[in-house]
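Please look over the sequence and the model below.

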Amino acid sequence: MQCDYFDAGACRSCAFMGEPHAAQLARKDAAARALLAEARPGVATAWEAPFAPPESGFRNKAKMVAGGTVEAPTLGILDAEGHGVDLRGCGLHEPAIVTALPLLASFVTTAGLTPYDVPSRRGELKHVLVTCSPDGELMVRWVLRSTEPLPRLRKHLPALAAALEAAGTPLRVASANLQPEHKAVLEGPEEVLLTEASTLPMRLDGLTLHLRPQAFFQTSTPVARALYATAAAWVADARPASVVDLYCGVGGFALHLAAAGAPRVHGVEIAAEAVAAARRSAQEAGLSGVTFAADDATAWAAEGTPDLVVVNPPRRGLGPALCGSIEDAAPPLVLYSSCQATTLARDLGDLPSYDPVRAQVLDMFPQTAHHETLVLLRRRPGRP
């Protein structure tokens, strides 16, 4: 992939830019294999060929820092002095997002949204967050310092929606997120919905996942499809009668496993809005055996021993407490989806009864060192 921003030195976020994608993927695959081999020396793990999505146009979410001025806003990143660098043509984003960003930049001017200036701590608009569905619909969120711009947002939103519709990128959900504090945190806890629709439908292979403004979804839709399909395929022979999905988000793994035939699936997620969205998806899909609870994954308590525990933790991994509770529950299988292979390897040290039997690297973030590693763990025979 070639990038004018990278060549000009305007953005260096993609450390592997210019390196052949096949070479990038081989390096990630080798690193993940080495980490698991070190964590479980002598254990034979069946590695699938790494999954390679398109190396450009794959990101379904743009996290754009607002900079510049009302008359000439930038949407991108900040330079070393805290000034805006415009990256609205970034080739990593899905085409619908690239089409929408110039219209959103114009909206900043029309609605009088003063970009937040980090050095002076003045201004209102901090970020513009855009998510694209597989159908090309958009969720747009403006991260603001206060409620002051809300009347202007509401006033000019119909014109923006009309412009996006005409461009072939219809606006499904719009909201304002309030982040009054001056610190390196992307968004705040309060969300103000600006549209009648509150969820962005993410249609994946016969299932619709409903994405709310503050909910998590995999950054690459092709990788999300691959993750869920691979998970269902790997556990098909085991035919788990009961599944617990920890860090379930909007229910991606849970719903796909239920659709594949698991009769009882229970998802646990700390974010109540994500749980509400997952319940809606289950109801629409007619999956009566799926339940969801808003709770901390570390506090889960299975009734008996599930046949399969699915974990998809943040980069920090599971940690000793959750690993200990999994060891105590002793499910025959654990499916671990990891966005940080080093913490996955560390967690294996706290899961001594489990060995990796299948694994695959999925290239969630081409042009960078980051990737997803999916691992199926089986409880070692003879462990109590």
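Which strands does helix α9 lie across, and at about what angle does α9 run to β15? Helix α9 (residues 341-349) lies across β15 (333-338) and β17, running at about 155° to β15. This is a predicted model, in which local features need pLDDT of at least 70, side-chain atom pairs count only at pLDDT 80 or more, and totals for chains, interfaces and linings use all residues. Residues are numbered from 1 along each chain as its sequence is written, and side-chain values use heavy atoms, with hydrogens and water left out. Helices (H or I, at least four residues) and strands (E, at least two) are DSSP runs, numbered from the N terminus. Contact means heavy atoms within 4.5 Å; axes are lines fitted to C-alpha atoms, for helices over the stretch in contact, with angles from 0 to 180 degrees between N-to-C directions.

The sheet is open, with eight strands in the order β1-β16-β17-β15-β14-β11-β12-β13 and mixed pairing. Its edge strands, β1 (46-47) and β13 (290-294), each pair on one side only; two strands pair if DSSP finds at least two bridges between them. Strands β16 (residues 354-362) and β17 (residues 372-379) run antiparallel and are joined by eight bridges. Val361 has Thr373 in β17 as its bridge partner. Helix α7 (residues 272-285) lies across β12 (264-269) and β13, at about 170° to β13.

Turning to the cysteines, the structure has zero disulfides (a disulfide being a pair of cysteine sulfur atoms within 2.5 Å). For Cys132, the nearest cysteine sulfur is that of Cys90, 14 Å away. Cys132 counts as buried because its relative accessibility is 1%, where buried means under 20% relative accessible area, exposed over 50%, and partly exposed in between (1.4 Å probe, protein chains only). Cys339 is also in no disulfide; the nearest cysteine sulfur, that of Cys323, lies 14 Å away.
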